[in-house]
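Let's take a walk through a protein model together. Keep the picture open and follow along as we go from a helix to a sheet and then into the core.

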Amino acid sequence: MKKHHLITCPIFAAELAAVLSQSTAMPTVQFMDYRVHFSGELMATEVAKGVATAEIEGAAISFLVGRECESLQPISSIAKNCGGLLPDGLNCLEIILGQEKARELQENRSTVMTPAWIKMITNSIADGHWTMDDARINLGRYDCIILLDFGLEPLSDEMILEFFELTQVVIEILPVSLDHFKQVVDQLLAEPEE
């Protein structure tokens, strides 16, 4: 059995842990730095580091990253060049929900977030990678933020209220399952051909 190396966006940490706890697959998981969301250069560096590590280990490579995530070199090209597997989803929402459900939820000036996205935005403001104005400009164009609840790491009412005060956008909580995400992860970790 060939070892598997999974290079993943940190936005999936809680969901991936939940899915892998029910799986027989035990890949080496490399979480990229959360700042990849602010820098295509850092994304390319983090991905290259993961590919190099996997190649040294002789492991099969998979990426838990959206096909259209910003990188100096397209993620799909990187995956193709190293023979790695990449999900069909264009972004993290399509990876978690599937393309149809993600598009449906984002209609009517709505955007969809996970608890990890809210924490990442809050942390990026605290770390100085984003400002409060950046958050308001990027999110203030929406009428509604749909917060996905997987039952894994619920945000406190206080955190949700603080995020509302930051964005001035209504937040609706939507319980969802990890079924689609589990299928994506299972496909990425299927036994590689020798």
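This is a predicted model: local features need pLDDT of at least 70, side-chain atom pairs count only at pLDDT 80 or more; totals for chains, interfaces and linings use all residues.

Residues are numbered from 1 along each chain as its sequence is written, and side-chain values use heavy atoms, with hydrogens and water left out.

**Helix 3**

Helix 3 spans residues 75-82, and its buried residues are I75, I78, A79 and C82. Buried means under 20% relative accessible area, exposed over 50%, and partly exposed in between (1.4 Å probe, protein chains only). Looking down the helix 3 axis, the buried residues fall within an arc of 95 degrees, so they line one face of the helix. That arc is taken from the directions from the helix axis to the C-beta atoms. K80 and N81, on the other side of helix 3, are exposed. After helix 3 comes G83, with a positive phi near 70 degrees.

Now find the three strands that form an open sheet in the order 4-5-6, with parallel pairing. Its edge strands are strand 4 (110-113) and strand 6 (170-175), and each pairs on one side only. From one strand to the next, the twist averages 30 degrees. Two strands pair if DSSP finds at least two bridges between them. Here are the two pairings:

| Strand pair | Bridges | Residues standing opposite |
|---|---|---|
| Strand 4 and strand 5 | four | V112 and I146 |
| Strand 5 and strand 6 | six | C144 and V170 |

In general, the strands of a sheet pair through backbone hydrogen bonds, either parallel or antiparallel. Strand 4 has both faces covered: S110 and V112 on one side and T111 and M113 on the other are all buried. Helix 8 (residues 157-167) lies across strand 4, strand 5 and strand 6, and runs at about 140 degrees to strand 6. For such angles, axes are lines fitted to C-alpha atoms (for helices over the stretch in contact), and the angles run from 0 to 180 degrees between N-to-C directions.

**Into the core**

A nonpolar core is a set of buried Ala, Val, Leu, Ile, Met, Phe, Trp, Tyr and Cys residues joined through side-chain atoms within 4.5 Å. The largest one has 45 residues, and those with the most contacts inside it are F12, L64, L148, F163 and F181. A second, separate core has 16 residues, including M32, M43, A79 and L86.

Is L148 buried or exposed? L148 is buried, with a relative accessible area of 0%. You'll find L148 in strand 5. Leaving aside neighbours within four places in sequence, the contacts of L148 include I96, L97, V112 and L174.

Finally, look at S62, which sits in strand 3 and is buried with a relative accessible area of 0%. The S62 side chain makes a polar contact with the side chain of H4 (2.8 Å). A polar contact is a pair of N or O atoms within 3.5 Å; within protein, one must be able to donate a hydrogen and the other to accept it, and residues adjacent in sequence count only if both atoms are side-chain atoms.

Notes:
Helices (H or I, at least four residues) and strands (E, at least two) are DSSP runs, numbered from the N terminus. Contact means heavy atoms within 4.5 Å.
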